[in-house]
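The entries follow the order in which I looked things up.

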Amino acid sequence: MPLTTYASPAAGHPGQETIHTGRAVFTEAYAVIPHGVMRDIVTSYLPHWLDTRAWIIARPMTGFSETFSQYVVEVAPGGGSQQPEPNPAAEGVIFVVAGAASLSIAGEQHELAPGGYAFLPPACRWTLTNPGSEPLRFHWIRKRYEAVEGIAAPEPFVTNEQYQPIRWMPGTGDTWGTTRFVDPLDLRHDMHVNIVTLERGAVIPFEETHVMEHGLYVLEGKAVYRLNRDWVEVEAGDFMWLRAFCPQACYAGPARFRYLLYKDVNRHARLNL
């Protein structure tokens with residue numbers, strides 16, 4: 001696998017000479033939050049987190065995300081939380097993009113480097129701190145777990161993407177594939193957070209139109225992405241939200257294009273009864 005790099009928010013603050021033109025767009029079917037708008041002024045601070053700030057890039061609300069929230073969290077050296085998750089019904093995924101994390105799950109210690117991935121089931125007891133000398137940055141994706149009678153909740157686990165193979169789509173010549181952290185047939189899981197890789201010039205060759213809601217954070221490279229009726233240019237550090245059934249396709253750019261992908265899976269559609 002080529003050398004892995006991970007984008008994260010621009011932070012800082014643009015100068016007064018900056019032209020007030022960007023790529024941010026919010027529609028009824030999709031949203032694009034480009035990296036250039038993820039600045040210091042839009043960060044949030046979280047209860048029970050020390051020396052920590054977060055870019056909240058998705059949250060459940062009318063006309064936006066329905067099933068998940070997604071943060072990019074920055075923790076200063078020595079910072080972190082002993083009470084990170086306020087909702088015992090929430091499950092989570094942590095994906096580290098910079099720095100080092102010390103993660104304790106039910107008293108068991110884990111050290112996460114960039115590429116580190118942790119799944120945290122509902123009611124899981126965990127803590128997280130930054131033991132290093134540089135800022136820690138990670139994605140934190142949260143979802144209310146949908147329990148099913150007769151199916152146990154999944155167990156927590158910790159890994160790194162370098163230990164997981166890319167599963168290439170048939171007929172693509174190993175140019176479009178997915179790094180999966182959970183078996184798609186494991187019905188204990190009601191969300192997947194994967195990494196999608198498209199090599200230079202690769203394509204998603206049809207307009208995917210399906211029931212799963214998506215959050216896509218571009219980790220590396222650039223591409224032209226089809227979102228509903230529009231073709232939108234995106235690059236490393238950009239975030240896209242796609243509502244259920246929003247058509248999507250992709251043409252990768254001149255270098256490797258990768259994104260962190262959220263989707264809700266493995267549950268019946270809710271009915272208004």
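**Basis.** I worked from a predicted model, in which local features need pLDDT of at least 70 and side-chain atom pairs count only at pLDDT 80 or more, while totals for chains, interfaces and linings use all residues. Residues are numbered from 1 along each chain as its sequence is written, and side-chain values use heavy atoms, without hydrogens or water.

**Sheet.** I looked up the strands (DSSP E runs of at least two residues, numbered from the N terminus) and their pairing (at least two DSSP bridges between two strands). An open, antiparallel sheet of 8 strands runs in the order β1-β2-β19-β16-β21-β14-β13-β12. β1 (25-26) and β12 (166-168) are at the edges with a single partner strand each, so one side of each has no neighbour in the sheet. Between β14 (residues 191-198) and β21 (residues 257-264) I noted 8 bridges; V196 is opposite Y259 in β21.

**Cores.** I then looked up the nonpolar cores (buried Ala, Val, Leu, Ile, Met, Phe, Trp, Tyr and Cys joined through side-chain atoms within 4.5 Å; buried means under 20% relative accessible area, 1.4 Å probe, protein chains only). The largest has 26 residues, of which F95, V193, Y217, L219, F239 and L260 touch the most other members. A second, separate core of 23 residues includes L198, L216, Y259 and L261.

Conventions
Helices (H or I, at least four residues) and strands (E, at least two) are DSSP runs, numbered from the N terminus. Buried means under 20% relative accessible area, exposed over 50%, partly exposed in between (1.4 Å probe, protein chains only).
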